[in-house]
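This report describes the strand arrangement and the backbone geometry of one protein model. Please consult the sequence and the structure alongside the text.

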Amino acid sequence: MALHTTMRSPERIMAIGGFGTGKSYGWLSIARLSQVTGSDAKFYVLDTDFAIDRMLSTSFSDLANVEHYPAPDWEDCESFAKIVVPKIRPNHDWIVVDMIDITWDQVQAWYTQQIWQEDIGIFFLEARKQLKGEKGNLQPFAGWTDWQVINKVYQSWVARMLFKSKAHVYLTNKVEPLDSSKEKQQDVLATYGAFGVKPKGQKAIGNQVHTVLLFSVPRKDDWRIATIKDRGPAYFQGDKMQDFAYQYLVEKAGWGL
C-alpha cells in the first residue's frame, strides 16, 4: 500500500541542525518512500539554500515526485505562495522549505529595498556609520515603523504556507547557540534550553509546527536525531538515523504503508 497519513491533520515538521546533519535527507527520504510505495504525493520544494539540485542529480536522481523552485530572494518566496501553493492537494502533497531561516533574512532585505531603495548591507553600513562615536546598540529597524510591518508581511506568508495550504510541511533550519544566562524569551528557553541551541530566523516559527527535531553528527558517519517537541510521547532520544521516513512517519507518527 502507498505511504499515507492516518491523521486528520497534516504533518508540520521542522528539522534543525548544523550543516551536513541530514536535515534535507529527511524530506528526501520521505519523497523516496512515497515514490517506491506508489503514492502520487508531490513534493514542492522552495530552495533558498541552492543545495537541492545537487542532491536531486546525485543520490536522489531517481525521484520523479519533486518540483524544485530556487528562491534567491523574497519575491521568489511570494511567487511560490501565490502560484504553487494553491495547486497543492490538502493533507496529501508536501511543501518543503529548505532553509526557512533564510526567508527571514530575505524579507528584511526586501523591506529595506522597498522603503530605502538600498541593499540591506549598504543600509546597515550607513546605520553603523551614523552610530560612530555614540554609545548604545545598533538598531536600524525600530518600533512599529519597521519590525511590526516586517513581522506582519512574514507571518502572512507563513500562514499561507503552513496553514491555508493544509499541506504536509517539512522545514529545515540552521541553529545558533543558546546562552541560558542571556536568553530573554522564556518560551525559547523552556523549549530549547536543554539542547543548548535554538533555531535561527524568525523566533515564532518553531511554535507553528507540530514537530521539532534536532539533527546532529557527533562523530563521522554517525547521524543522530533527538526530539525537541512533538505531539506524542514517542520521542527520539539521540537515536541513530538510518531511514528517516520510516523511522519517523511510520514508527513514530503512525503513517500507514
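The sections below cover the basis of the model, the sheet, the helices on the sheet and the backbone.

## Basis of the model

The model is predicted, and local features need pLDDT of at least 70, side-chain atom pairs count only at pLDDT 80 or more, and totals for chains, interfaces and linings use all residues. Residues are numbered from 1 along each chain as its sequence is written, and side-chain values use heavy atoms, leaving out hydrogens and water.

## The sheet

An open sheet of mixed pairing is formed by 8 strands in the order β3-β2-β4-β5-β1-β8-β9-β10. Strands (E, at least two residues) and helices (H or I, at least four) are DSSP runs numbered from the N terminus; two strands pair if DSSP finds at least two bridges between them. Because β3 (66-70) and β10 (237-240) each have a single partner strand, they stand at the edges, with one side of each left without a neighbour in the sheet. From one strand to the next, the twist averages 20°; axes are lines fitted to C-alpha atoms, for helices over the stretch in contact, and angles between N-to-C directions run from 0 to 180 degrees.

The pairing of β2 and β3 is parallel, over 5 bridges. Tyrosine 44 has glutamate 67 in β3 as its bridge partner.

## Helices on the sheet

Helix α1 (residues 23-36) packs on the sheet and touches β1 (12-17), β2, β3, β4, β5 and β8 (211-219), contact meaning heavy atoms within 4.5 Å. The direction of α1 makes about 155° with that of β5. Helix α3 (residues 74-84) also packs on the sheet, touching β2, β3 and β4, and its direction makes about 165° with that of β2.

## Backbone

The peptide bond from aspartate 98 to methionine 99 is cis, with omega near 15°. Methionine 99 lies in the loop between β4 (94-98) and α4 (100-116).
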